[in-house]
2 protein chains.
Amino acid sequence: MNKQKAYWIWYPGDLELYHALKQNFSRVERGCAWPAFWKSDGFRQRVTYRRSYTLSSPAAFRAVGGPGTVGYVLVNDRKYPLGGEVPCPAGAVRVSVHAACIGCVPAVYVQGDAVFSDGSWTAEDYCLPPVPAACSRYFTESSQRVDEWPMLEKTFNPVRAEAVQGGALFTFETELTARLRIVPRSPGGMPERVFLGESREEALAGDQCYFSCRPDPETGLTPRQALRFAFLPGVKPRDVSVQALHQYVDIPVRARFACDDELLSRIFSVAAHTFSLCCDVFFLDGVKRDKWIWGGDAYQSLFVNRYLTGDREIEQRTLTALRGNDPPLTHVNTIVDYSLLWILGAAEHADAYGDPAFLARMLPRMESLMELLLAQRDENGFLTGRPGDWIYVDWADFDRDGPLCAEQMFLAAALNVLARLSAPEKAGRYRETARQLMEKTERCFWDPEKQAYVDSFTSGRRAVTRHAAILAIVFDLVPQERKRLLAQTVLFNDRVPPITTPYFRFFELDAMCRLGYLREVLGQIKAYWGGMLDAGAVTFWEEYDPKKPAQAQYAMYGDPFGKSLCHAWAASPIYLLARYFIGLTPDSAAPDGWRFDPPDGFFSSCECEFPAGERNICLSLKEGKWARTSKEYKKE
Amino acid sequence: MNKQKAYWIWYPGDLELYHALKQNFSRVERGCAWPAFWKSDGFRQRVTYRRSYTLSSPAAFRAVGGPGTVGYVLVNDRKYPLGGEVPCPAGAVRVSVHAACIGCVPAVYVQGDAVFSDGSWTAEDYCLPPVPAACSRYFTESSQRVDEWPMLEKTFNPVRAEAVQGGALFTFETELTARLRIVPRSPGGMPERVFLGESREEALAGDQCYFSCRPDPETGLTPRQALRFAFLPGVKPRDVSVQALHQYVDIPVRARFACDDELLSRIFSVAAHTFSLCCDVFFLDGVKRDKWIWGGDAYQSLFVNRYLTGDREIEQRTLTALRGNDPPLTHVNTIVDYSLLWILGAAEHADAYGDPAFLARMLPRMESLMELLLAQRDENGFLTGRPGDWIYVDWADFDRDGPLCAEQMFLAAALNVLARLSAPEKAGRYRETARQLMEKTERCFWDPEKQAYVDSFTSGRRAVTRHAAILAIVFDLVPQERKRLLAQTVLFNDRVPPITTPYFRFFELDAMCRLGYLREVLGQIKAYWGGMLDAGAVTFWEEYDPKKPAQAQYAMYGDPFGKSLCHAWAASPIYLLARYFIGLTPDSAAPDGWRFDPPDGFFSSCECEFPAGERNICLSLKEGKWARTSKEYKKE
């Protein structure tokens, strides 16, 4: 039997939902498990898989279920138990595998020369019409367990071992997501407890340290956890050997970027390393702290990922996990704007990869989520929150009286993508709804005197923040002339409070780039990300304030070590540099998926590569001229 | 700490859904697992439980989660891990337990003098408003596992051991749901495989036998399974000891019935035994064959249960499990009429027990299920099936062209109960819809010449079956005069094909009783159930045809041993005798829940008892006079 051709199969979306539950329930903070505080959608527990064959000769196969799965095989009208050899007559044959499991996805694996499981099977859940079964390159062996995502492993030795605070501190060259293997070299070498840190300070902070754990007394192994520093109290460095087994999902970085500006090259490289660490089964916001899958962070990751890995599967896994099942009853992570960003992100994904089967699966979910959103508009047609909903937009001092202007911008943007993707009748309704919404937004939120959108039209306070303006520009919701005006009245107006979160800085820098303020953006990239490198960062941080003293850099959200030092959104220079300074825009209509339109005057030489489907696009700037070639991508 | 007062708590309905998945996935047939073929609703995997206290002095407690549950405890704003001691200050205290679990219900147990978990806590699922947490008398100890329903155990020794077909056949006095404990008395005493049977014939049928299993080589135990006979091939009776460990849910039979007619007393007693065996975690249709929870069977069990055990919890568990989550997307067991019977059953339960909290939880589900049903009416307003739906009504030779008349009767009945239970505005709509439906049914299905309802008005065949007439009578859908007419034109008309299933015989006998044909019904009870007793039944069968030869009595559904020999619906004499011949009707307005209005002339003496809440109602007929008393019910 040729084992390579068979895949584990499951109901589309369900393995993602299962692993999303694992992911969102995996957070541990100072010994307390902290499962995510939003509605967590479950998977189907009863699925039947079917395939018809016309066999030229009798065949045999074996079907197995995942952990805890029960069921049977039907060949025409004859039943067989799971696990045993099943004979199959020649001729027209209907094969089905009936599977049920409470605690995990009822996935099955059918192995045989002629009869084997793959994406050509259908899956049924006894509710919806049959759909193509799902499978993945990660699950191809009958011996695999679908409840464990397969990881690659790389062993790191510490780059430094030192005696400190009566114990041993081990330093690794970079942040890792690793299990430690602790081997005592003498009787006192096995510590009772190990303290892990993204920073030296955290590992040495005792009870303030985010993660501590007891090594398994038999194997000396600790659970997989983010770390760069490990402190072993009461142990002398020479009495113990410590290695880190870095475990990661197989998603290779395919991009390269080197230019004559050494700092930019370093920023790209550290951003790539940072982002790669955050690519787990799903896009994670950061590797250490919450481990929950957040829609807003994931949205920004989509923009980086297409330039860095070109891995469409992690995008599809993340979008699928965030959205959950139909009908939607709550918002993504409870956040209304994250639901809108989910719709926008699903459209971004479709534009970048042009996968019609995935879009066909997502479009009804985009539309049903939009219906939930439209149903909760107020009497003026503005989007507001229901009890329990969170109108987030950003950590900013908004005037939150009545509907918030920025939220309407998100809604208009999401309506516009559905106006483009939906079938004509629905599209027309979405287009008209968006038009009316922008008209009302203009009427209610535009302040003619300030020449800007106010946060609230109900409070009378006429407070202006940057967010509505930025979103109007980024999502192309207003005419060019208005965008240029907003740049002057808001973006370059020092009296408007600055954006303080790197999350929204992404949108602001994107807006500036779209309006052509590339020099200004480049200066900010070098100052902000260059500043982190000067401060010793080996991965980019969740937030960086050069004015803060070094010892205060680790605090966030009221926690002394709450800040993530390896954070996905901090990788945005990859997107900004590739899109605006190299001039590469995803375009599923282009032959290799990229439109290349480089601006002048930023580099005197540059060598870079980006994923383009099965190949890599290679761009080279020499003596003022760009050359565009492509080459086969080979995994290293 | 007083352990008695604390309960395991969970989100209402979720433990039922978890155990319903276990139940519906537990069927095994000749070595093949056969999970139920309908949409199986899952439980919530993320729940938070809350309670506020005002403590006169500091207190401490401990919170634990069920198997696989992770989470933490919050006291005011301070976090503690699950499992450890949690200190609680005096004064106003907010306590919450945050729990998550993928494979089972995230139930928690809080144990302490002042702070402990019970039904006074609330549960939140991050979607709906908080609701009272659920708990049960079955789960009161911290050491319990919520994934295993607690069972009582009683050991039975075989009443007969015989050498036959080269092996040993052991016979027990009655059907059991038991594990066998096989202890060899000499080297050849442990069989490789054991064949179980409800009948001697089945146990000796080899590969045709429904259940065979390998005893655990270490303990000699077999899995819990229905059995009365056990065949051990290749073993001599003297070489082995076999016991049956009957495992059952603690639901005592509280009714007694003895009258001067010995046969009726025996029928009641065997029916009680039969029904009691079918009361597991849920109402099962039978103990052997499919083990799935069926809505139509459960509906009939409601009528027996209130007279026999008065256990409202098994009714609530079964109704909850059948219905699943909102919004409903499919019908109960995929059967449209079972959805309607679910609505009718939930109303029956409310009428019998008057539990406002349960009704408050069910009523929105009754209404949302009704909305699904109303949305699938055809252009004439008649209920038909969507693709994948099953319009069952009965195994009968209906004219199924277009809408089926009997299905409309079910719909009208369900609309009527909602017209009674729903809030006024909704109630008015349901009432009017029912009125219009009956008007249209009268216009389209009533055949003036035959003076009967035809199955189909679209085929032109004008076929008459009994079902529509029976339902019109039972559910009081037509005036008394019409009912009397239908008795003559249909019920007592030999040219209308007889009801052939005991399932629908329940409705037919009920209809006859309602019209006062008690002597006729009593005759049929004695003939049919008495016939089974004459044929050697120790529990009542799924079906009995006196014309079939003895060796053909075990076949059903095309399977030589497909017939269940211990079947819940066969216990209906309990309902018929108690309600119509004793004259006891449930009435939640009556002081002890029963209206007593005995008919004359059926017994010369009678002593009986039925559950009435915490007490038992006792009825005694001596010298033509009934005495009604009550006494405290004490569990034996």
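This is a predicted model: local features need pLDDT of at least 70, side-chain atom pairs count only at pLDDT 80 or more; totals for chains, interfaces and linings use all residues.

Student: I would like a close look at the open sheet of four strands in chain A. In what order do its strands stand, and is the pairing parallel or antiparallel?

Tutor: The open sheet in chain A has the strand order β20-β25-β26-β27, and its pairing is antiparallel. At the edges stand β20 (256-259) and β27 (625-632) of chain A; each of these has a single partner strand, so one side of each is left without a neighbour in the sheet. From one strand to the next, the twist averages 20°.

Strand β6 (residues 70-75) and strand β7 (residues 78-81) of chain A run antiparallel and are joined by four bridges. Here Val73(A) stands opposite Tyr80(A), which belongs to β7(A). With two residues between them, β6(A) and β7(A) form a hairpin. In its turn you will find Asn76(A), which has a positive phi of about 50°.

The domain assignment divides chain A into domain 1 (3-132), domain 2 (152-248) and domain 3 (336-391 + 397-480). Between the C-alpha centres of domain 2 and domain 3 of chain A there are 47 Å.

Now for the neighbouring chain. Where chain A and chain B touch, each of them gives 30 residues to the contact. On the side of chain B, the elements that give two or more residues are α1 (14-24), β2 (32-33), β5 (70-75), β6 (78-81) and β8 (91-100). The most comes from β5(B), which gives three residues. Sorted by class, the side of chain B that touches chain A has 17 nonpolar, eight polar and five charged residues.

Helix α13 (residues 518-534) and helix α14 (residues 572-582) of chain B pack with their axes 12 Å apart, at an angle of about 155°. These two, α13(B) and α14(B), are therefore roughly antiparallel to each other. In this pair, Leu518(B), Val521(B), Ile525(B) and Trp529(B) of α13(B) meet Pro573(B), Leu576(B), Tyr580(B) and Phe581(B) of α14(B). By class, that contact has eight nonpolar residues, with no polar and no charged ones.

The next pair is helix α10 (residues 467-474) and helix α12 (residues 502-514) of chain B, whose axes come within 9 Å and cross at roughly 50°. That is why α10(B) and α12(B) count as oblique to each other. The contact includes Ile470(B) and Leu471(B) from α10(B), and Phe504(B) and Phe507(B) from α12(B). Its residues divide into seven nonpolar, one polar and three charged. As for handedness, α10(B) passes α12(B) in a left-handed crossing, and α13(B) passes α14(B) in a left-handed crossing too.

To end where you began, go back to chain A and follow β20-β25-β26-β27 across the open sheet.

Technical notes: Residues are numbered from 1 along each chain as its sequence is written. Chains are lettered from A and ligands numbered from 1 in the order in which they are written. Axes are lines fitted to C-alpha atoms, for helices over the stretch in contact, and angles run from 0 to 180 degrees between N-to-C directions. Angles under 35 degrees count as roughly parallel, over 145 as roughly antiparallel, 65 to 115 as roughly perpendicular and the rest as oblique. A crossing is left-handed if the near helix is turned anticlockwise from the far one by less than a right angle, and right-handed if clockwise. Two residues are in contact if their C-beta atoms, placed from the backbone, lie within 7 Å. Ala, Val, Leu, Ile, Met, Phe, Trp, Tyr, Cys and Pro count as nonpolar, Asp, Glu, Lys and Arg as charged, and the others, Gly among them, as polar. Two strands pair if DSSP finds at least two bridges between them. Domain bounds come from an automatic or database domain assignment.
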